[in-house]
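This report describes a ligand site and some backbone features of one structure. The model is shown first.

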Amino acid sequence: MSSQTIQSVRGMRDILPPESDQRQQLIALIHRILGQFGYHNIDLPLLEKTGLFQRAVGDETDIVSKEMYTFLDRNEESLTLRPEGTAGVVRAMIQNGLLQQTQRFYVEGPMFRYERPQKGRYRQFSQISVESFGLAGPEQDVELIQIGQALFTALGIRDLVTLEINTIGLPAERAAFHQDLVAYLEQHLDALDEDSKRRLHTNPLRILDSKDVEVQRCLDDAPQLHDYLGEESAEHFAAVKRYLDALHIDYVVNPRLVRGLDYYCHSVIEWTTTALGAQGTVTAGGRYDGLVEQLGGKATPAAGFAFGLDRILLLAQTRNVFSEKRPDIYVLAASEAQQTTAMQWANRLREELPSWQIIMHNEFQALKNQFKKADKVHARYALVFGEQEVSAHTATLKNLGDGTQQTLDYDGLIAALNHEDNQ
Ligand code: HAM
């Protein structure tokens with residue numbers, strides 16, 4: 001047997017402090033914003049039947065054709081670890097009969113894609129997928145954008161991201177464009193890289209967002225999707241832009257933005273950054289009016305997007321926007337005889353000061369060493385329970401910033417801490 005230690009699966013990370021603490025702050029902020037907009041959290045299984053993603057995301061997409069973690073369970077049923085959140089939410093809407101009225105939901109948690117790992121791209125990553133059902137108008141597309149705007153503004157990183165929007169119209173409009181685009185590209189095969197050649201007959205729309213310079217140049221003279229849009233689609237997009245202008249939300253229209261999942265129509269959105277190297281899209285989504293019906297539900301307009309938590313966190317870290325949570329009070333007991341009192345006081349303090357972090361040292365060492373530890377963890381105060389203090393029903397509160405200290409009974413302690421808290 002090998003004595004080598006077992007490592008985690010490639011592309012799957014352990015998230016440790018301080019990143020894990022920062023993530024919690026980020027998630028709490030997103031929860032608050034989504035709550036303000038009236039979105040409810042729902043919790044869905046990580047495993048779904050493989051057919052769900054094949055039908056929703058599309059067989060020809062990169063996600064379904066080469067990135068899914070798919071396996072047969074013990075009953076020989078093909079299951080897939082969710083590569084994204086939207087398909088599962090739509091399945092749940094239909095299965096639980098929730099499409100009778102307008103719905104605003106979000107799903108949070110890990111997603112799995114077998115991609116080549118690099119900074120900002122993992123095989124297990126986290127999204128908060130925000131979805132709405134029953135609202136067909138451009139107002140709803142704009143609401144989803146406002147949620148992104150609210151988060152990036154609250155994080156203080158709005159200037160690091162660009163809002164890119166586009167419309168891909170309706171499937172029938174796209175079909176006509178498809179045909180003409182393929183015909184044009186077939187005349188220009190020399191300009192296409194291998195990837196684009198492969199996509200020509202599987203997913204030609206994706207060629208539009210090829211990173212290859214020559215392909216991009218060739219596309220300059222290709223048919224333009226916007227010319228194929230009917231009046232209704234054009235008006236939907238124009239309205240989105242009007243609202244964004246009125247709300248002073250900066251955006252860029254990127255006519256080549258098409259997204260890598262098949263279910264979209266009308267508005268598609270991406271929040272991108274140049275600060276993270278190749279993995280520039282931090283949040284993305286769009287309208288998907290046809291998906292509910294395609295998965296067997298009654299026709300229901302829908303739209304959504306997903307925050308990519310790993311990438312948003314990387315971006316926020318470049319700005320130091322998270323506060324380091326340091327202990328407020330570090331509790332020292334001189335010996336076992338004082339420990340019970342220390343525990344009792346600490347418990348009462350946790351009840352009265354619920355947002356304070358109160359840490360017990362929990363080892364009987366010389367007080368000098370306990371103080372060293374309190375300094376090391378950057379505690380604001382040390383609360384000392386020595387023999388004298390405890391016998392007098394008091395404790396000593398030492399401000400580790402300025403070194404001042406006072407010995408107080410419990411009520412005096414609370415008064416002093418509340419006073420400090422209000423400073
Ligand atoms: P997506 O563009 O595939 O869309 O992913 C959304 C976000 O998830 C990306 O912008 C990125 O931040 C993050 N992401 C994707 N793959 C990885 C990865 N391998 N590592 C780290 N982060 C990643 C969707 O998934 C759609 N379901 C979004 C949506 C919701 N559309 C409508 N509703």
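## Ligand shell

The shell around the ligand is made up of ten nonpolar, nine polar and seven charged residues. Here Ala, Val, Leu, Ile, Met, Phe, Trp, Tyr, Cys and Pro count as nonpolar, Asp, Glu, Lys and Arg as charged, and the others, Gly among them, as polar. In total 26 residues surround the ligand, and the closest are Glu84, Glu115, Tyr122, Glu131 and Tyr264; a residue is near the ligand if one of its heavy atoms lies within 4 Å of it.

At least two shell residues come from each of β6 (124–133), β10 (281–287) and β11 (302–308). The largest share, five residues, is supplied by β10. Strands (E, at least two residues) and helices (H or I, at least four) are DSSP runs, numbered from the N terminus.

## Basis of the model

The model is predicted: local features need pLDDT of at least 70, side-chain atom pairs count only at pLDDT 80 or more, and totals for chains, interfaces and linings use all residues. Residues are numbered from 1 along each chain as its sequence is written, and side-chain values use heavy atoms, with hydrogens and water left out.

## Backbone features

Most residues other than glycine have a negative phi, and most peptide bonds are trans. Pro17 and Pro18 are joined by a cis peptide bond with omega of about 5°; Pro18 is in the segment before α1 (19–36).

Asn362 has a positive phi, near 60°, and is in the loop between β13 (358–360) and α13 (367–376).
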